[in-house]
Amino acid sequence: MSILIKNGRVVTAESDYIADVFIKGEKIVAIGKDLPIKARRTIDATGKLVFPGGIDPHVHLDMPFMGTYSSDDYENGTRAAMFGGTTMVIDFILQTQGKTLRSALKTWQKKSGKAIGDYSYHMAVTDFNDKTAKEVVKMIKEEGITSFKTFMAYKGALMIDDGQMVQLMKIVKENGGLVTVHATNGDMIDSLIAKNRAKGNMTPLYHYLSQPEVTEAEASGRFADMLHYTGCPGYIVHMTCEGALNAVRKATLRNQKVFVETCSQYLVLDASLYEREDGAKWVMSPPLREKKDQVALWSGINQGLVQVVGTDHCPFTWKQKQMGKDDFSKIPNGHPAIEHRMELTYSEGVAKGKISLNKFVEVTSTNAAKIFGMYPKKGTISIGADADIVIFNPETEHTLSVETHHMNADYSSYEGFKVKGKTETVLLRGKVGIEKGKCKLKPGYGQFVKRGRTSLTI
Ligand code: URP
Ligand code: ZN
Ligand code: ZN
């Protein structure tokens, strides 16, 4: 099958021009002005943006968490992602404490068989010991799983201590991988939660008040210090605030590079939502912050301190959220977001003049491909790359709503949010995935992407 995308504005992280893109099989094989080529199918992209399929490196699909499971499975989650222009996700495998990485991998391989979009896994190491160290090497060398997630919070379930963290960093560095982190001070948060519960402070607002900015700033700085000591490449997930960003900024003074991801919700929503009666919809960790933090994060993107915008998509239905109706600490943490990342970042970032179009492509696709070792197969429009392409109408205005989203959540955390710019057509490895509001790909089309070394020169 061949497809010719004609006359679109082709935007990558470093270029922006009007051209045709010719696709044969799964790959892009030619790019140029008025290509003299006949294809089986031609798509007119005049007036549209043509950019690389989005990569969301932070999603939780069908994940056991806080006594329940996140409500999107691989089929529904990757389909919803594609409706929004995200063609690949990186999900998290959770090691069960006391068990092996291999057994967790097997569990996730079963879940992911029905993916519609492409995917990879980060391996969350929740129990580090000599046996785990050996398995880490195998994950990198044999499985192409090169990023290892750690938690500095969620004690008793997911957290590892600093000694384990440093040992993990050493082995990961030696073998060409990357350590990622949920960087918040778990002990401090647990004591604030306990204090609030003892006083009868049970509403969602106290979720926010139990995780003040300092808990994230301190852990981010500590993680950066441990990276500096070990020389391991590292990546901080879901950064929310100015204090944490300043910890990374400080690390740059000793010529250190720490990769940073923020998420679309931290760029566009703020903590005032926790005062609402339905505040549980936005209970996530770390919590939404203040307007000043949004300003810091957008600036961080422009300064190159924040390289990636993900979602931390971890949806729950309202019934699941009700598990914590009398106690904020029992509300499953997370929200539905996978579908809206690209459009929110375009609308609030590019359309409002906060970031350039090239920067948009960088933070929604290219940098994730580079950091997580799959560039230029993924993350760009170039000859030889996978034909993962979004055709985007920058003028279409629409309103986000539970009535129109495709995520398995019976509410939208963005109900009524107006956005400018809409994903119209999506291709994944040369096949049309989304067209005229319909998904054309079947469960199982999505492929696992083996990854290599981080490119450190971003
Ligand atoms: O609230 C969140 N973020 N839920 C998912 C788990 C995590 O910490 O990323
Ligand atoms: Zn987290
Ligand atoms: Zn997460």
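These legends describe views of a predicted model of one protein chain with its ligands.

Local features here need pLDDT of at least 70, side-chain atom pairs count only at pLDDT 80 or more, and totals for chains, interfaces and linings use all residues. Residues are numbered from 1 along each chain as its sequence is written, chains are lettered from A and ligands numbered from 1 in written order, and side-chain values use heavy atoms, without hydrogens or water.

**View 1. The whole protein chain.**
The chain has 13 helices and 19 strands. These are DSSP runs, numbered from the N terminus: helices are H or I with at least four residues, strands are E with at least two. The C-alpha atoms fill a box of roughly 70 × 50 × 45 Å along the principal axes. Of the 458 residues, 64% count as buried. Buried means under 20% relative accessible area, exposed means over 50%, and partly exposed lies in between (1.4 Å probe, protein chains only).

**View 2. The zinc ion (ligand 3).**
H58 (NE2), H60 (NE2) and D312 (OD) coordinate the zinc ion (ligand 3) at 2.0 to 2.1 Å. Donors are N, O and S atoms within 2.8 Å of the metal (3.2 Å for Na, K and Ca); water is not among the atoms, so sites may look incomplete. Along the chain, the donors of this ion follow the spacing H-x1-H-x251-D. H60 lies in the loop between β6 (54–59) and β7 (64–65), and D312 in the loop between β15 (308–310) and α11 (318–321), so the pair ties together parts that are 252 residues apart in sequence. Both H60 and D312 are buried. The zinc ion (ligand 2) is 3.8 Å from the zinc ion (ligand 3).

**View 3. The surroundings of ligand 1.**
Residues around ligand 1 include H58, H60, Y154, S285, D312 and G334. Each has a heavy atom within 4 Å of the ligand. A polar side-chain atom of Y154 lies 2.8 Å from an oxygen atom of ligand 1. From S285, a backbone N or O atom lies 2.7 Å from an oxygen atom of the ligand. A polar backbone atom of G334 is 3.4 Å from an oxygen atom of ligand 1. The protein covers 99% of the 260 Å² of accessible area that ligand 1 has on its own. Such areas come from the Shrake-Rupley method with a 1.4 Å probe; for residues, only the protein chains shown count as cover.

**View 4. S2 in strand β1.**
S2 sits in strand β1 (residues 2–11). S2 counts as buried because its relative accessibility is 12%. Its side chain reaches the backbone nitrogen of R40 at 2.9 Å.

Definitions and conventions: A polar contact is a pair of N or O atoms within 3.5 Å; within protein, one must be able to donate a hydrogen and the other to accept it, and residues adjacent in sequence count only if both atoms are side-chain atoms.
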